[in-house]
Amino acid sequence: MQSVNGLVGHGALLLALPFIALGIIAVPVAVNRGRRDWLEIGYGAVYANFALMTAAALAMISALVTHDFSVSYVAQVGSRETPLFYTIISLWGALEGSILFWAWVLSFYGMTVVALNKSRVGNLVPYAAMTLLCISLFFAILLVGPANPFGIVSPVPQNGPGPNPLLQNHILMAVHPPLLYLGYVGMSVPFAFAVGAVLSGEAEHNDWIKVTRTWTMASWGFLSAAIIAGMWWSYEVLGWGGYWAWDPVENASFLPWLTATAFLHSAMVQERRGMLRVWNLNLVVGTFVLTILGTFLTRSGIISSVHAFTTGTIGYYFLAFITIVLIAGGVIVAGSSDKLRSRGRLDSAASRETVFLLNNLFLTGFMLTVLVGTLFPLVAEAIRGVKVSVGGPFYNRMTLPMIAALLFLMGVGPALPWKIASTAELKRKLIPPAAGAVLLAAVALVAGIHDPYGVLVFAFVGYAATANFREFSIGAGARRAAHDESWPTAFVRLVEGNRRRYGGYIAHFGVFFVALGVAMSSTLRTEREATLQRGMTMQIAGRTLRLQDIWGREEPQRQVVGATLEILNGNRVIGTLEPRMNFYRTQQEPVPTPDVRSGVLGDLYLNLMAFRPDGSSATIRAIYQPLVPWIWFGGGVVVFGAIVGGWPTARRRRAPARVPVPTPPSPPPAREPEYAA
Amino acid sequence: MNWRRAGIAAVLVIPVVFVFSRGMKTDPREIPSPLPGNPAPGFALAVFAPGQPPLERPIGDTVRLADLKGRVVVLNFWASWCLACRDEHQGLSAVARDYTGKPVQFVGSLYQDTPGNGTAWIAEMGGQSYPSVNDPKALTAIDYGLYGVPETFFIAQDGKIARKITGPAPPAVVKHIIDSLLTTASP
Amino acid sequence: MSRSARVIVGLLALTLVRTPARGQTPGADTAIRLRTPADSALEARTSAVASQLRCPVCQGLSIQDSPSELAQSMRSLVRDQLAEGKSPDQVKAYFVSKYGEWILLSPPPHGFNLLAYVVPVLIVLGGGALIALAVRRWTAGSEVPS
């Protein structure tokens, strides 16, 4: 017997299929016959998809909150003991719910794309909408097929197991998945516009880049936030004191970020010089393919990972989808490559354009290195039949040179002008930041870093930070002189005058903080482990830890055992930490929750490893990692930079309608002459 | 539309899909062991759970693999905190009893646990027909490439590891392996 | 904490009781292990080798990083073997003989595995060469369309 929630949800999903299919058919009909009414049907399908997905999502949330265990997904992740907040966010906690959430976000983006752009003349938007509908079709098929969250459970159970305990330990679990999906799914939009541009014959122009610039920036911002949130969550929850393990699924979220970053830069070269058009298509298609690859890896059972969802036949659906996407993407890019090849021209090798080319080289190289490493165990097993591991040591060794090169380039790029830099200008811009390099290298050595790469990273960050800062100071200084403004006003007006550039520089600063945090925390990390009785102490990093108490308490869904430790500076108590072990009724292994004391200069991180049942002693692992909070702070700065750089300005929102609205879509435009440099 | 290039791009997708589909047929969590076919690593461990007559050994006795040459040895790693070990426990005890008088030796080895817990668990499970030894620093477990419990090793009369079972060992399979090892015994 | 909670917690916690680590006796005044200079050198060598070995029961962590019991036992074993005089390669070879190549966090660079190391480098070098050629071509003073 299906409940109202199940009926509404399942019904909405079933209904979505014909609407989406109708929309996909309607667009080519509209274009080929020049029929505006068919186009309206196509756009109508996009709106209908959003409405139906929203209905399904709301039905699921309602089912979760009311503990409607007749719905299969609720029976899987719901529990009467789980607090309301975690019940709501369990919407994306397991496979079926995460697919529903993805489909909803995709439908939301589709609706927004159409709503904002439908008055635009030409076939770009219709084909883009059609592409988004095709992607939605796949997820809709999943939702009524192998990933059906609204299955009927009979007889209806009284209670459920609750969400995975790891997902209930920390508030960041509420934040990381939605951010990730907003970013991942967001990359479908530039992809759809790229496909639309090729299909509508508009790929020679830059409109598809301009229209999607905000989308790309926003998705990139969300993805950056998601990766940092994921790192932070992993650090605070998983108990090994690290924030990045080169886990295949961590890599899968990082790969599209790398190509998206490359695209953000090379898109500027296309807009200014009309070059790299094929390359940009490659990047956008590649970014989208990587997002699908990421979701394929987690849901196919092909790799084992902290992130892997339970699997079944859904893996084969994803395999089919990724095959189609790869073929479609490859055909589209390769097929249109010679039509788009531009007669490129650069004024000089000493220019920002060249730096962006190098930036793309190293970002793509970085991406391919991580991709090779992630897929290599699969390939090796398929070909040699032997299991091999590719882990931290491999990635660190192979990617560090590229990271160092990128950090250095981040100082050169902003300093060089477009087109051409004279030798005098080169000297004026590129030599002074070296002082910053020397300064930070000295800081690294004084702090105790002996690892050559560690010092190098500091030096390059010093160089690049100085160069980026000078861009602000020189620019603001010029404004002060010209308009007699105060420093703050000059600064703000400078940024407002060219948001994209200065937002980018702010994001660069975010990366610098992250780089310093990672470099310092990995080279200067210290660790101690000790078994303490009450009153006993242990030392780490100049601080003393004293075990106060070992305690336990009952909570609705779990039992918690913790140790209370005081942090002493000399004889003064400056704080307490309470690392804990959580025993969930449904798990055989306990889930540890470390406790972290963060300071500007570093983190003191405690983990409760073991304890005697009579509460007489506890084994504590203490880790001191300098500058870890700079990673999270840097992430915030990156996102701030993305917001500053990507926020649509009033200037851009005013889209000049050259032809009165509505108009029938025109046939593909005639071949226009080669883009003039 | 350059169809030739498009075609090449489409064809290049095939090896990628091939690798993925192969990957989907294997279990990523299973680690194939290099040990079968090689001489079994020796051990000398103390009995903490004596087992039951007629297979029992006194507590404190040392079980040495070298002493067991010429017999088929079934070495089963288990732990009291291991849920899957419960599934195989009674089956293994029963099979061990079936081979009384034959040149077959069952040995349990406790993994990441204490003898106290192990003994209590055995009592809770209704007894274990064969003796179990304690492996305090997991040296023997690591020697046998253990990555979880339960794992069962079948050591032939010549001292080489013949088979390894990961996960609960079904009694029928255990019997089958022992029988095949007994019939291929060298004179 | 209430008596019943203590009992429950204690029963559940039976899984976690660990034998004291080497060099510590319960009831010592402090729980810190005194480190001699030789100790630190051995610890550094242990960390170096342990960072290259994969924890069999974790997701991609090294036995150096992993807090799990098996990882700690393996680390002890690494330390003992190094103290006995074995070389890092010999210690790694021991673990490979037990767990297969999988136990190494970097694929050993011979045979097919070389591809993992060589392909990325080739791509970057190749890409760099392409860019150099392209920049040269593009700056070769082509005529500017009017």
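This is a predicted model: local features need pLDDT of at least 70, side-chain atom pairs count only at pLDDT 80 or more; totals for chains, interfaces and linings use all residues.
Strand β6 (residues 151–155) of chain B and β7(B) run antiparallel and are joined by 5 bridges. Strands here are DSSP runs of E with at least two residues, helices are runs of H or I with at least four, and both are numbered from the N terminus; two strands pair if DSSP finds at least two bridges between them.

These strands belong to an open sheet of 7 strands with mixed pairing, in the order β2-β1-β5-β4-β3-β6-β7 (chain B). Because β2 (62–64) and β7 (161–166) of chain B stand at the edges with a single partner strand each, one side of each is left without a neighbour in the sheet. From one strand to the next, the twist averages 30 degrees. Helix α3 (residues 115–124) of chain B packs on the sheet and touches β1 (44–49), β3 (72–78), β4 (104–110) and β5 (132–134) of chain B; its direction makes about 50 degrees with that of β1(B). Contact means heavy atoms within 4.5 Å, and angles run from 0 to 180 degrees between N-to-C directions of lines fitted to C-alpha atoms, for helices over the stretch in contact.

## The contact between chains B and C

The contact takes 20 residues from chain B and 18 residues from chain C. About 1,500 Å² is buried between the two chains, with carbon and sulfur atoms giving 57%; buried area is the accessible area (1.4 Å probe) that two parts lose on being put together, summed over both. In chain B, the residues that lose the most area to chain C are B:Ile31, B:Gln112 and B:Ile142, together 34% of what that side buries.

## The four-stranded sheet of chain A

Chain A has 22 helices and 10 strands. One open sheet of 4 strands has antiparallel pairing and the order β1-β10-β9-β8 (chain A). Its edges are β1 (526–533) and β8 (595–599) of chain A, each with a single partner strand, so one side of each lacks a neighbour in the sheet.

Strands β9 (residues 602–611) and β10 (residues 617–626) of chain A pair in the antiparallel sense over 9 bridges, and A:Phe611 has A:Ala618 in β10(A) as its bridge partner. Helix α21 (residues 628–646) of chain A packs on the sheet, touching β8, β9 and β10 of chain A.

## Basis of the values

Residues are numbered from 1 along each chain as its sequence is written, and chains are lettered from A and ligands numbered from 1 in the order in which they are written. Local features need pLDDT of at least 70 and side-chain atom pairs count only at pLDDT 80 or more, while totals for chains, interfaces and linings use all residues; side-chain values use heavy atoms, with hydrogens and water left out.
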